[in-house]
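I opened my notebook for a first look around this structure.

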Amino acid sequence: MHSTASPLTGHLTHFEAQALALDDPRPHPPEDALLQLGHAVLTEALDVISDTALEDFQAIICETLIGAFHSAAQRIEREADRARDELNRLSRDFDGSEIADTEMQDATRKAHAADVACLALEFVRDAAAASYTTATGEVWSPWKGHVKASRVTAAQIEARDALRTAKARKHAATDPGATIVAFRAAPQADTEDDAHRIFDALNWAQAQWPDMALATTGAKGGEKIAIKWAKQKAVTLVLAKADFDKNGRAAPFRANDELIALEPVCVLTLANTLNGARGSSLQPFGPALNLGQKAAERGIRHLPVKTRG
């Protein structure tokens, strides 16, 4: 079997060691090549789209490309789960026969192969998402499902999954397993002044609760800045995205209900940009004010993000 050792490191990574352990004569791509593939896909797409009429749809195109790798990884993960279910059944009904033994080996092989393939696609997805952020400043996150923690991205968990597991504690991959700090900010809070204060507020929160997970809706503006902070700090991110298809104009407030249901120890809000010249002409962001009100009604600590002074 060919070696898949990384040419840059000279030794096997965890992924490459798992790949070599498979009973397959074909080599897997090295981890460096998978990361390069992810970077190349997004870089090429941006090069073609930039400065053309398609630039207006750049976010949709790029996020869909990244989402395709994410969807593929999820489908393969489901195949691995089915193989493990079959393996559990075979183990339970094992009669010692050669046929049963062969079936168990096949199921084990399928599960391990799917696990490695899933991990490979996660590397591609994470590298593509990182290139997207570097090139545009935007942060990709899945509309549904979760992104498991990796060395490339912070863990991202859809709030609905997190709420279910907070009750049942059955699915460790979607359990925040941390103290929740909720954050809501105005779309217009995207200036340099806002970024500095948002980072200050979140750094303060992490100092208070070192195991914190950050819960937000992922909306544009201040919340995107908060997501960047979470990625830099490798803080688990719980997303309660507003579902406009289901809830219409009430979607941002339904998302607030999900944030409150996570039982945060603290709610941070920024209802308007901290840039004085800009903020004086803009109305405060209603959903951020609403989250602060909901927190107060339930006795949850609420701290508005303010200017230094």
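I started with Glu-263, which lies in the loop between helix H9 (251–261) and strand E5 (266–270); helices (H or I, at least four residues) and strands (E, at least two) are DSSP runs numbered from the N terminus. This is a predicted model, where local features need pLDDT of at least 70 and side-chain atom pairs pLDDT 80 or more, while totals for chains, interfaces and linings use all residues. Residues are numbered from 1 along each chain as its sequence is written, and side-chain values use heavy atoms, with hydrogens and water left out.

**Positive phi**

I looked up the phi of Glu-263 and found a positive value near 55° in a residue other than glycine. Most residues other than glycine have a negative phi. Glu-263 is exposed, at 65% relative accessible area (buried is under 20%, exposed over 50%, partly exposed in between, with a 1.4 Å probe and protein chains only). I noted Ala-234 too: its phi is positive, about 55°, and it is not a glycine. Ala-234 sits in the loop between H7 and strand E4 (237–239) and is exposed at 61%.

**Salt bridges**

How many salt bridges does a search of the whole structure find? I noted nine, each a side-chain nitrogen of Lys or Arg within 4 Å of a carboxyl oxygen of Asp or Glu.

From helix H9 I followed Asp-257 to Lys-294 in helix H11 (residues 286–297), a pair that ties together parts 37 residues apart in sequence. Lys-294 counts as buried at 15% relative accessibility, whereas Asp-257 is partly exposed at 28%.

Next I found Asp-115 and Arg-84 meeting in a salt bridge at 2.8 Å, N to O. This pair links helix H4 (residues 98–136), which holds Asp-115, with helix H3, which holds Arg-84, 31 residues away.

**Helix packing**

I then checked helix H6 (residues 192–208) against helix H7 (residues 222–233): they pack at about 50°, with axes 10 Å apart. The axes are lines fitted to C-alpha atoms over the stretch in contact, and angles run from 0 to 180 degrees between N-to-C directions. So H6 is oblique to H7 (under 35 degrees is roughly parallel, over 145 roughly antiparallel, 65 to 115 roughly perpendicular, the rest oblique).

**One last pair**

I ended with Glu-77, which is in helix H3. Glu-77 and Leu-119 are 42 residues apart in sequence, with their C-alpha atoms 9.1 Å apart in space.
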